[in-house]
Amino acid sequence: MATRQTQTLARSLLTPAVGLLFIWMIVPLALTIYFSTLHYSLLDPGSESFIGLENFRYFLTDPAFLASLQNTLVLVGSVLALTILLGIPLALLMDQPVIGRNFVRLMVIAPFFVMPTVSALVWKNLLMHPVSGLFAWLASLFHLTPIDWFNDLPLFAVILIVTWQWLPFATLILLTALQSLDEEQKEAAEMDGASAVSTFIYITLPHLARPITVVILIETIFLLTVFAEIYVTTGGGPGLSTTNIAFLIYSQALIQFDVGSASAGGLVAVVIANVVAFFLVRIVGRNLEA
Amino acid sequence: MGQITLQGVQKSFGPVHIIKGADLEIADGSFVVFVGPSGCGKTTLLRLIAGLEDVSGGKIVIDGKNVVDTPPAKRGLSMVFQSYALYPHMSVRGNIGFGLKMAGLARDEINRKVEAAAATLNLTPYLDRKPRELSGGQRQRVAIGRAIVREPKAFLFDEPLSNLDAALRVQMRIEVTRLQKQLGTTAIYVTHDQVEAMTMADKIVVLNGGKIEQYGSPLELYERPANLFVAGFIGSPKMNFVTGELALQRGAATIGVRPEHLKIDRDGTGGWQGTIAVAEHLGSDTFLYVDAGPLGMLTARYIGELSLHAGDHVSLVPDPARIHRFDASGNALRN
């Protein structure tokens, strides 16, 4: 690809794909920006009118916005912390030679392949149901009062479900990283007199710094937009206690039928995602440098 | 002190016997090289001594104490690995000092010892670099620094020079030998390269198929190989072996003559007749690969330049005092 001729050829061959992708992204973005400046209610079709930044003022001053922003951050932060704190010991266990290791690995990975709606339904009706759920039955065995998860601990219940879904991902990434740890390094540490705990702290954890960064960055992208689990289980409630930004935008558009405000919310979410990404890359991104 | 004794050491992985009973006395301060073809068990034997593998039988005695149940760190040995196994996220200082840190030494004492070790190995300017910022030879020196800083009873080297290029290998070979003599610490060194073995060792252990074939000084092995395997393995180019009538005349099943002990006679009629298949002219030496008919291919070495070429007819006369005789089972026959 060195000569001028091949560069021209490469560019002209790439143009259709790049152009299509560009249109694919720019049209929805442009329309969202356009809608966000309109008074646009589905309950009142034909009354669209330009109102400037009024939708943004409305969305940002809505008390639901701050509550849902907080819920979003708590949800993302908790799930990240739980998947990594549980993922590391799980990956360490799965790295050990045990009988039926392949089967165990398959089982651990399984939740990742279950659709969010399905897993949310399973958790809601089979596990966390206060009357007929497995947890309620377990509690009754010990003569305890079953927990009404979605009324008493709604956000925690959602966090549990999302953690269950994302734990396999974290475990898998960390496991592959563990398997790439040079055996001779561990032996060298053993010769140097490091205990199992010291080897973990000084050799294994630094080796895992990069995969942990990858897990944090990738999970954050998806966790900022958690929707199905909330929609299926709590519907954002009780009150606003499980409404995150994604769910708030949904409720603006399709519960309150306010497309203009929802578009403004969508743009705010884009900004929030970028702010989060900026700080994440600042904090953990240097681990990615070779 | 670093006297190591192996008594009937055995190792098997499942049904496979890797080490079939090794007995060895390693004197304090000596440089012992384990040499043998790949798969002969030399690295396994080293790992058994290090404690990275458990013995299946026998004793390993270090300074009078049986250590087979002692964990590696408590044996007072340190090891240089083939891949160096440096800790990639630690600086050179951190790498060299890690063992001391694990032993719970005070920070300033660690620094003092690390700096002393770095000075010995010319690593002082690199102390704050990460391993990935170092060249192969420097990494090698860091690995050695990590070994010497703990002042062990013995160093264990597992093919430490095999990742270096040829010129650097020769240089590091000399450095390692000099360092070992300077420190006076026992060293066990594993290699598959018989030149490394011959040049570095006080004593060589030749291993084959999990058995010790011979244990002795380099020249002992060269001059009096105990069997066909050692005779063929030590020395470069390889010793010539002749079987059949010529061997029987000397009361042996096989006789062996080293290439340098064959006198090359251009137009002689005595000795072993043949035609040169390939002639290698190195300036300092000339190697002739001679097709000697029923005797097979013979190699002859001449010190200096000899203007003979492929297709020329030569006669090779073995030095009668330097003929090695072996019985049918391959063991050397002594006069």
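Trainee: How many residues of chain B are in contact with chain A, and what makes a pair a contact?

Mentor: In this predicted model, 15 residues of chain B are in contact with 13 residues of chain A. A pair counts if the C-beta atoms, placed from the backbone, lie within 7 Å.

Trainee: Which element gives the largest share of that side of chain B?

Mentor: H2(B) does, with three residues. Strand E6 (77-80) and helix H2 (92-102) of chain B each give two or more. Helices (H or I, at least four residues) and strands (E, at least two) are DSSP runs, numbered from the N terminus.

Trainee: What classes of residue sit on that side of chain B?

Mentor: Eleven are nonpolar, four polar and none charged. Ala, Val, Leu, Ile, Met, Phe, Trp, Tyr, Cys and Pro count as nonpolar, Asp, Glu, Lys and Arg as charged, and the others, Gly among them, as polar.

Trainee: Why is chain A called more spread out than a compact globule?

Mentor: Its radius of gyration is 24 Å, well over the 19 Å that the globule rule gives for 290 residues, so chain A is more spread out. The radius is taken over C-alpha atoms, and the rule is 2.2 Å times the number of residues to the power 0.38.

Trainee: How many helices and strands does chain A have?

Mentor: Chain A has 13 helices and two strands, and its C-alpha trace spans about 75 × 75 × 30 Å along the principal axes.

Trainee: How are residues and chains labelled?

Mentor: Residues are numbered from 1 along each chain as its sequence is written, with chains lettered from A and ligands numbered from 1 in written order. Local features need pLDDT of at least 70 and side-chain atom pairs 80 or more, while totals for chains, interfaces and linings use all residues.

Technical notes: Two residues are in contact if their C-beta atoms, placed from the backbone, lie within 7 Å.
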